[in-house]
Amino acid sequence: MSEPSENEIKEIEIPTKLPLLPVRDIVVFPHMVLPLFVGRAMSVKAIEKAVSENRMVLLVAQKSLEVESPKPADIYRLGTVGTIMRMLKLSDGRIKILVQGLSKAKITSFSKRTPYYQVKIQNIEETPFVKIPPEVEAIVRMVKEQMEKAISFGKFLVPDVIALIENLEDPGRLADLIASNLGLKVEAAQEILETIDPVERLRKVSALMAKELHVMGMQQKIQTEAKGEMDKVQREYYLREQVKAIQKELGEVDERAKEVEEFREKITAAKMPQKVLKEANKQLRRLEQMHPDSSEASTVRTYLEWMAELPWSKQTKDKLDIGAAQKVLDADHYDLEKVKERILEYLAVRKMKGKMKGTILCFVGPPGVGKTSLGKSIARALGRKFVRISLGGMRDEAEIRGHRRTYVGALPGRLIQGMKQAGTMNPVFMMDEIDKIGSDFRGDPASALLEVLDPEQNRDFSDHYLAVPYDLSRVMFITTANQIDPIPIPLRDRMEMIDLSGYTTEEKVGIAKHFLLPRQLEEHGTSPKRVKISDGAIEKIVTDYTREAGVRNLERKIAQVLRKVARRLAEGEKKHTSVTPANLHRFLGIPKFLPEMEIETDEVGVATGMAWTPTGGDIIRIEAAMMSGKGALTLTGSLGDVMKESAQTALSFIRSQEKSLKINADIFAKNDLHLHVPAGAIPKDGPSAGITIASALASALTETALRRDIAMTGEITLRGRVLPIGGLKEKILAAKRAGLESIILPKQNEKDLEEIPKHLQKGLKFIFAAHMEDVLAVIFQKKRPARKPPGKKTI
């Protein structure tokens with residue numbers, strides 16, 4: 001069948017009813033000739049009906065490609081009447097047809113829905129231009145130029161279509177022809193089809209062409225740049241291969257082969273475990289096959305360097321001479337007998353057994369007591385390498401486990417870095433500030449440490465960067481912390497806790513004489529022949545210029561004294577300088593801390609308590625006053641919730657004992673009580689001030705003075721029982737510094753005195769109370785009959 005000419009198309013009469021053929025993924029324009037494959041049963045019946053009558057069918061795009069059986073709502077209302085030029089039935093049941101668009105038509109209604117859609121249509125005819133206006137002619141030329149430019153960018157069009165575009169002057173026909181060859185999406189093509197005005201339709205096609213040209217221009221630019229880069233790489237590769245050939249002819253060494261061979265030698269020398277060696281050789285083979293200047297080759301090269309430099313089998317031999325280790329520890333540290341004993345026990349077991357799992361210790365104590373320096377001394381005593389990292393403020397899990405190699409700039413974690421720094425598999429590895437680890441969206445480092453600090457798991461520690469197991473079981477891990485509470489319980493369970501409490505004044509004087517002063521004399525370029533600091537001056541520095549559990553500020557103050565002496569010597573003064581308590585203020589200025597003022601007489605409502613602080617221990621004077629009111633209790637002094645509850649408990653107990661204490665019952669209803677703990681700017685909390693608060697309240701309510709020479713500590717219950725407390729050594733130190741003679745402690749803490757050094761107990765009388773009545777019987781100036789005689793112990 002021959003195709004009808006344009007004049008014949010105009011003469012064809014289009015009926016008002018036609019079968020409907022929904023088409024997917026394409027919009028058919030008038031005068032467009034295209035093949036279609038028809039497979040849906042409804043569409044096949046529509047084609048058969050059209051062929052049996054006038055060979056005409058309405059071609060309308062459906063809105064969604066995925067809809068298999070479109071309903072009227074799924075089909076656009078405007079389409080193109082087409083004539084079936086050829087039809088061929090295929091073996092799979094489908095029909096292939098060749099159709100040509102005749103004219104646009106609009107669906108007015110659906111006259112038949114089964115077994116195919118038949119619709120009533122309204123034919124839309126366009127009136128051709130008799131004479132094209134200049135404005136329209138300008139748009140036609142612009143669109144033709146745009147199409148020529150698109151062809152120059154590589155847009156493929158059939159030569160017949162190119163010739164047709166060049167000869168067309170009608171704006172409507174030109175718009176339809178170009179739109180049908182742009183490969184538009186259904187929505188955009190349908191919008192063009194539904195634009196009835198030919199000039200407006202051509203303008204829309206021009207806008208689409210402009211957008212398409214911009215995209216094609218960018219595409220061509222990218223292709224040009226990529227081709228240029230490819231040509232550059234190929235050129236460099238060609239030149240590099242030429243250089244290699246020249247080097248080979250001259251007998252020079254191939255650097256790439258030399259590098260690979262060096263890596264192979266390092267890997268062999270490292271004596272890696274079999275599994276690790278397999279991975280290292282695999283990465284080495286990859287490096288051999290890569291371009292030496294590629295980014296991936298650089299990543300593999302860095303990985304192999306880490307693998308080759310890590311200690312996989314190298315160990316230091318432990319010094320198992322217990323006597324020599326004792327001398328090293330004593331030379332480096334004053335006192336700390338408990339810690340030294342634990343290290344010597346480790347050496348003894350190591351000497352008896354030969355091999356044992358790595359020890360995991362945690363030194364807990366206030367700042368400046370020598371936790372970190374003790375780790376160095378342990379390494380020196382054992383003859384091991386020492387590595388230290390700080391965990392304070394760490395929030396990223398990758399700091400422990402490392403980054404995966406997929407990230408740019410990836411590195412192993414701090415543990416593996418420390419092992420590389422140590423160069424051996426069994427160093428003393430110190431992790432400072434384990435109580436100050438944080439966590440956020442990047443992970444929880446404390447959880448990652450659970451594997452590291454578990455002797456059953458760290459044999460096969462997995463670092464994300466290495467991606468092979470690393471043995472940490474021979475490492476002696478030592479962690480430090482100021483407080484135990486912030487450390488997660490599972491992590492705390494994996495470590496052996498060793499408390500390092502604060503030093504007494506006598507211990508600080510000893511540390512200053514034997515360690516701090518000699519070190520500072522050396523650092524300041526002087527000697528004991530030129531300057532002498534008396535024991536009394538050192539003691540005054542401890543009591544009046546520093547307030548700490550450790551000795552850091554003490555060392556700073558000694559350095560301050562020596563700087564002033566050094567200046568005198570540098571200015572030519574030759575006489576010997578002697579620093580005594582009398583002239584100490586000339587070097588350090590006025591004292592920064594004054595001792596707690598002693599109460600000259602026993603007072604009503606003032607009780608002396610003992611408190612634990614992060615820097616050691618301190619005494620507190622708790623004051624209670626009674627005034628007219630309505631029975632309210634006022635608490636001041638920056639008290640925490642636990643301490644406030646202790647005050648309420650103490651008051652309730654005192655009220656329950658009003659008869660035995662001979663307190664008038666009306667006194668609680670007609671008076672207010674005010675409880676104050678001085679140093680109001682410092683937050684205070686904890687239950688151990690319970691008996692001190694109860695004593696102050698009892699004194700104020702009975703108007704009985706309390707003994708000023710007694711300090712006390714203990715938690716109180718509503719029934720008056722005195723419960724045990726912690727921080728005993730620090731509190732005893734505070735009482736001793738304050739010059740108090742007697743201390744009331746909970747009866748259940750009596751056993752803990754065995755761990756307190758004898759020199760700290762010297763001159764103190766310990767009174768043990770099981771009930772508040774025991775306390776009241778001791779503290780009142782005029783002794784009251786007790787529930788039972790309190791226990792007393794004098795050292």
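In what order do the 5 strands of the open sheet stand? Select strands E8, E9, E12, E7 and E13, and you will find them side by side in the order E8-E9-E12-E7-E13, with parallel pairing; two strands pair if DSSP finds at least two bridges between them, while helices (H or I, at least four residues) and strands (E, at least two) are DSSP runs numbered from the N terminus. Strand E8 (386-390) and strand E13 (496-499) stand at the edges with a single partner strand each, so one side of each is left without a neighbour in the sheet.

Before going on, keep in mind that this is a predicted model, in which local features need pLDDT of at least 70, side-chain atom pairs count only at pLDDT 80 or more, and totals for chains, interfaces and linings use all residues. Residues are numbered from 1 along each chain as its sequence is written, and side-chain values use heavy atoms, with hydrogens and water left out.

Next, select strand E9 (residues 428-432) together with strand E12 (residues 476-481), which run parallel and are joined by 4 bridges. Phe429 has Phe477 in E12 as its bridge partner. Phe429 is buried at a relative accessible area of 0%, and Phe477 counts as buried at 1%, where buried means under 20% relative accessible area, exposed over 50% and partly exposed in between (1.4 Å probe, protein chains only).

Now show the aromatic side chains, of which the whole structure holds 4 pairs; rings of Phe, Tyr and Trp (its six-membered ring) pair if their centres lie within 6.5 Å, and planes under 30 degrees apart count as stacked, over 60 as edge-to-face and the rest as tilted. The rings of Phe110 and Tyr117 have centres 5.4 Å apart and planes at 75°, so this pair is edge-to-face. The rings of Phe429 and Phe477, with centres 5.7 Å apart and planes at 40°, form a tilted pair, and this pair links distant parts of the chain, 48 residues apart.
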